[in-house]
Amino acid sequence: MAAASNAGGQLSQNFVVPPRLKLSIVEGPCVGQEFDSDELALITVGRVKRCKLYIKDHTISEKHAEIAWNGQDWLLRDVDTTNGTRVNGAKLEPFSAHVLKGGEHIGFGLTTIASVELEPRTLADISMQLLLQAHIEARCQALEAASTQATADMVRRCHQAMDALAVPPQGAVAGA
């Protein structure tokens, strides 16, 4: 991965050229289907045509997973699906991020498996639009991650408060 040059010719660590992500379906009803991230920084995966990676497999959820460039890596997230998402056989926890690596195999649903290929690129290989899109998507991912953690903390505190309210006072008989 190369960093972008600024006007003075110096390298900036703010922009990293995303490697081209290629997915090839190697098992399942859509075997042979290929996907190339060429001009995308956010890829939705599912069994409806509005998804960027449309896989016609009834064991895959309508919106099954997201693959997003975070500024450093391609991240895979299961979006709390019925049949889950796996990487090399290990099930992903819903909404947790997995850094994709070349050679890995992603299982979507019960029958579809895709192989992952990451092809390095330079600034000459991509458009300025893609570079900016990838940078903006990375900032959005960072904001979402911070928001998700804050939300999880708030839910945990609410559950603790509700649990504290449910404790019967000392000397009280439960169910009386």
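**Close-up views of strands and salt bridges**

**View 1. Strands β3 and β4 lie side by side in a predicted model.** Three bridges pair β3 with β4 in the antiparallel sense, where helices (H or I, at least four residues) and strands (E, at least two) are DSSP runs numbered from the N terminus, and two strands pair if DSSP finds at least two bridges between them. Within this pairing, Leu23 is found opposite Phe35 in β4. Residues are numbered from 1 along each chain as its sequence is written, and side-chain values use heavy atoms, with hydrogens and water left out. Because this is a predicted model, local features need pLDDT of at least 70 and side-chain atom pairs count only at pLDDT 80 or more, while totals for chains, interfaces and linings use all residues.

**View 2. An open sheet is built from six strands.** The order of the strands is β4-β3-β13-β12-β9-β10, with antiparallel pairing. At the edges stand β4 (34–36) and β10 (90–91), each of which has a single partner strand, so one side of each is left without a neighbour in the sheet. Strands of a sheet pair through backbone hydrogen bonds, either parallel or antiparallel.

**View 3. Glu119 takes part in salt bridges with Arg20 and with Lys22.** The structure holds four salt bridges, each being a side-chain nitrogen of Lys or Arg within 4 Å of a carboxyl oxygen of Asp or Glu. Arg20 counts as buried at 16% relative accessibility, whereas Glu119, at 27%, counts as partly exposed, and Lys22 is partly exposed with a relative accessible area of 25%; buried means under 20% relative accessible area, exposed over 50%, and partly exposed in between (1.4 Å probe, protein chains only).

**View 4. Glu66 and Lys63 form a salt bridge.** The closest N and O atoms of this pair are 2.8 Å apart. Glu66 counts as buried at 17% relative accessibility, while Lys63, at 40%, counts as partly exposed. Elsewhere, salt bridges that share partners join Arg20, Lys22, Asp36 and Glu119 into one network.

**View 5. Strand β8 (residues 74–78) is mostly covered.** Five of the five residues in β8 are buried; Trp74, Leu76 and Asp78 point one way from the strand, and Leu75 and Arg77 point the other way. In a regular strand the side chains alternate between the two faces of the sheet.

**View 6. Strand β8 is joined by bridges to β7 and to β11.** Strand β7 (residues 65–69) runs antiparallel to β8 and is joined to it by five bridges, with Ala65 opposite Asp78. The two strands form a hairpin with four residues between them, and Gly71 in the turn has a positive phi of about 105 degrees. Strand β11 (residues 97–99) also runs antiparallel to β8, through three bridges, and in β11 the bridge partner of Arg77 is Ala97.
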